[in-house]
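Please read the following report alongside the sequence and the coordinates.

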Amino acid sequence: MSLLAAVETDRLVGRLNPVAKLLAALVVSLVLLLSIDAVSAGVALVLELLLLPWAGLSARQLLRRTAPLWIAAPTSVLVTALYGRDEGPVLLQLWWISVTDGSLALALAIGLRILAVGVPGIVLLATTDPTDLADGLAQVLRLPARFVLGGLAGLRLAGLFADDWRQLALARRARGVADGRGPVAAARRFGGQAFSLLVLSVRRGSKLATAMEAKGFGSDATRTWARPSRFAARDAALVAVGVLIAAAAVAAAVVAGTWEFVLA
Amino acid sequence: MTTASGARVDARGWGWRHAGRLRPAVSELDLVVEPGERVLLLGASGAGKSTLLAGLAGVLGGDEEGDATGELLVDGRPPADQRGRVGLVLQDPDSQVVLARVGDDVAFGCENVGVPRDETWRRVDEALDAVGLDLPRSWPTAQLSGGQKQRLALAGALAMRPGLVLLDEPTANLDPEGVVEVRDAVGRVVEASGATLVVVEHRVSVWLPVVDRVVVLAAGGGVLADGRPDEVLGRERERLTEAGVWVPGAAPAAPVRHRASSAGPLLQAEQLAVGRRGTRGPAVATGVDLVVDDARAVVLTGPNGAGKSTLALTLAGLLTPAGGSLRAADLLADGAGPSPSRWRSRQLLSRVGTVFQDPEHQFLTATVRRELAVGPEALGESPAEVGSRVDELLARLRLDHLAGANPFTLSGGEKRRLSVATVLASRPRLLVLDEPTFGQDARTWRELVALLAALVDEGRSMVAVTHDAEFVAALADDVVALDRAPAREAAS
Amino acid sequence: MSVSVSANESSSSRDERPTAPTSPRKPSRRWRVVDIVVASVIGVACGVVFWAWGLAWTPLDSALSFLPGLSGLLAGGWLFAGVLGGLVIRKPGAAIYTEVMAAVVSMLIGTQWGFSTLIWGVLQGLGAELVLAAFLYSTWRLHVALLAGAGAGVVVALLDTSFSSIAATAVEYKVVYGVSAVVSGVLLAGLLSWLAARGLARTGALSRFASGRSAEARV
């Protein structure tokens, strides 16, 4: 799955500890999710966009990976504008669709927030290798090695899914069951293929677990790490940058008076 | 490489019953293997060879997974307490790769056992060298061939410096080149380290140069024969052949043929180029000219990566040709048009039957009977007709006692028979088979070859992709050899 | 157990599988390596489906947008990983772990919801986990699966109506969303997962798990 593969880069971002990237993106996302308003999302987004040149991705890679955002944001804007909570002067009324000043403002906020929450996550993780992330989680955050590495092994098996899926599709064509247009037939085909893929994957997973145990994995003996994962000053700096962006977003919204804590 | 002293194996009345089964997999086993010995373990299926190896590696699981009787000791202690003393290599190359980079995967075992970092990387380089994998540490494991993956698994086991090396059918899923690579690597390593070796495989002649002792397990429990290779193979020749072992020197019996006359060409390929993504991707093989005649068998051979499977799937109408022309004669097309890749799935079903390399990719339903009925039902046959075809096939392929079983629970040979049976249910004129004899023991091989010979004699055509020289000798009317593609495209 | 079953292991032992365990086995709470790896595999497989579902969500959501809040019916498509993992692995934490794995994978491939996918995943998994824990991890029948799906549905309903774009709609729509999400959880997450787990057990893929061995027996 090419979208799962990390982008190789010699830039600084490639040398940052993945755990730092994770924490930075997490902080920004968590804070932004606490309020729906255009100011906090907008400020965060602007700051993030300013930092994009250091992300280590070319323009083309960037566009490709953030593609889901460019589809989702406009759609959500539209839906919110039409059905959002109504406040203020009505601009358009048609059956139960009502566009008001309030709903337009909300729509803008939602759109900006989708981008502001999505960009750091996607961009930071694009240059992260899963194995390095696992090393970081186990060595820096001290998560149990069995779970982190077991999870990583499962993730690696996913790389075989695309090939398996293609083979399963060809097999169904050969067995005479691949015809049939329409959503119901497509859904049945998808379901059948997905189940077959699940069976194959679980079997492979069981065999892989045995192979890992045969290499001594899973016992309580202390483990060493061949690839050191260290949390250096520049990693702490990245996390600090994340915290600053979040703080700036909140501060700006509070000052502008638009901060609305969702749970309030 | 510093020598690891060989481990000693002691089994005293050892038995193991998997949880949820009535009969034990192994019972009453008494066996001693001295340090440094190299043992080839044989036996009929169900004799418990895999279970014994798993027990020696300490991966059988605890009380949750089964009951043990007697004792099984490595160097006088239970195997589960000595992770790292025993190395195990299994059959499926894809299910043993743990990490995404070659160096990391080999280092995995050392990390688990607590080897310090610098020592780990030194051992990684040594192990890669010992198995002959001349690749940088950051090479992606996803781009390795089957033989390379098996050598990688071997390197990972070796990096732990085990005293006991266990191999469970390591070359079953490999092409001839890969088989020799792995065998040579094992030979070198065992020679250099003095470790004890236990190999399970039915391809005896491959391992004879490396082993110095043969042990045959009996199906009911215990040891059937034990001694020097030439003695045991000589004495037990018949029983071993019956059990499906490829005893060296016994040529597989060629089936008796009654050839039908050919009614003309079915498929014609001219300057055909094939690719895994049809016209959209790179072409894996180009310039192929071949003709498939009625009631004749064409065999595609060639080295790994030459595009044999892709060519077979294109001939079967499952992939679009990347270039050149592929025409189906009226005899085959029967009004559906000259391009097989344009036929609808149901049209393809009654004209061409494809058997994939891995039968599990083709299973669609939950019982063998329903599996056989899928084809005829898709063709719209009446229930009575479907029922009679299914019964006929169950009988012919000796699957009657399995009619209600889930296809995934069948053994390897039975799965292969089932996938051939499902293809026959829709009575296609052309059969396309991808590596039909991969990993099969001698007995299943004989059955399959006899069946395919009978089908061709009945008037069907066959296109088979294979590495198997005996298969070619027994069945091929025409051999098309593909050369290795000039440039190997990087995996997408 | 299917440890590297050599290609021609006999099938005769398969027919003798008893319908009830022949000796009582105390289920251990500790996670074995095979538990972790298979839970990860299920999580990853579900994660890919989640990602695909996320892509399909945008057109489906617009199709349902004549009554906003109905898009809650789609919510179940992101909840079945946890229930399925819980039913297969049958150990404490399985539901959370599998749901989180699925969320992480769908996030890595790239969804529009970015990091919130992870946060939602943790809480959704918790919703299912709490139900399974309420049954003391010892009952695994259909009603437990349906309730676990409902539990995850309740969580996602609360989360979405508070924090996501649905939060910006009027109260009536939020209620519709909540109800739809729970229904979706019961059907898509509860029922579908139970059927999938049962199907998996029948293929013999779960022979190393209690869920595979007691396919016929009721626990």
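Predicted model: local features only at pLDDT ≥ 70, side-chain atom pairs only at ≥ 80, totals over all residues.

Residues are numbered from 1 along each chain as its sequence is written, and chains are lettered from A and ligands numbered from 1 in the order in which they are written.

**The sheet of chain B**

Chain B holds an open sheet of 5 strands in the order β14-β15-β16-β12-β17, with parallel pairing; strands (E, at least two residues) and helices (H or I, at least four) are DSSP runs numbered from the N terminus, and two strands pair if DSSP finds at least two bridges between them. The edges are formed by β14 (352-355) and β17 (478-481) of chain B, each with a single partner strand, so one side of each is left without a neighbour in the sheet. On average, neighbouring strands of this sheet are turned by 15° against each other, direction ignored; axes are lines fitted to C-alpha atoms, for helices over the stretch in contact, and angles run from 0 to 180 degrees between N-to-C directions.

Strand β12 (residues 297-301) of chain B pairs with β17(B) in the parallel sense over 4 bridges, and Thr301(B) has Ala481(B) as its bridge partner in β17(B). Across β14 and β15 (430-434) of chain B lies helix α14 (residues 412-424) of chain B, which runs at about 170° to β14(B).

**Chain C**

Chain C has 8 helices and 0 strands. Of its 219 residues, 64% are buried, where buried requires 20 or more other C-beta atoms within 10 Å of the residue's own, with C-beta atoms placed from the backbone. Among contacts in chain C between residues at least 6 apart in sequence, 76% join residues at least 24 apart, a contact being two residues whose C-beta atoms, placed from the backbone, lie within 7 Å.

**The chain contacts**

In one contact, 59 residues of chain A meet 47 residues of chain C. On the side of chain A that touches chain C, α10(A) gives the most, with 16 residues. The other contact takes 50 residues from chain B and 37 residues from chain A. On the side of chain B that touches chain A, α2(B) gives the most, with 8 residues.

Conventions: Buried ≥ 20, exposed ≤ 12 C-beta atoms within 10 Å, placed from the backbone.
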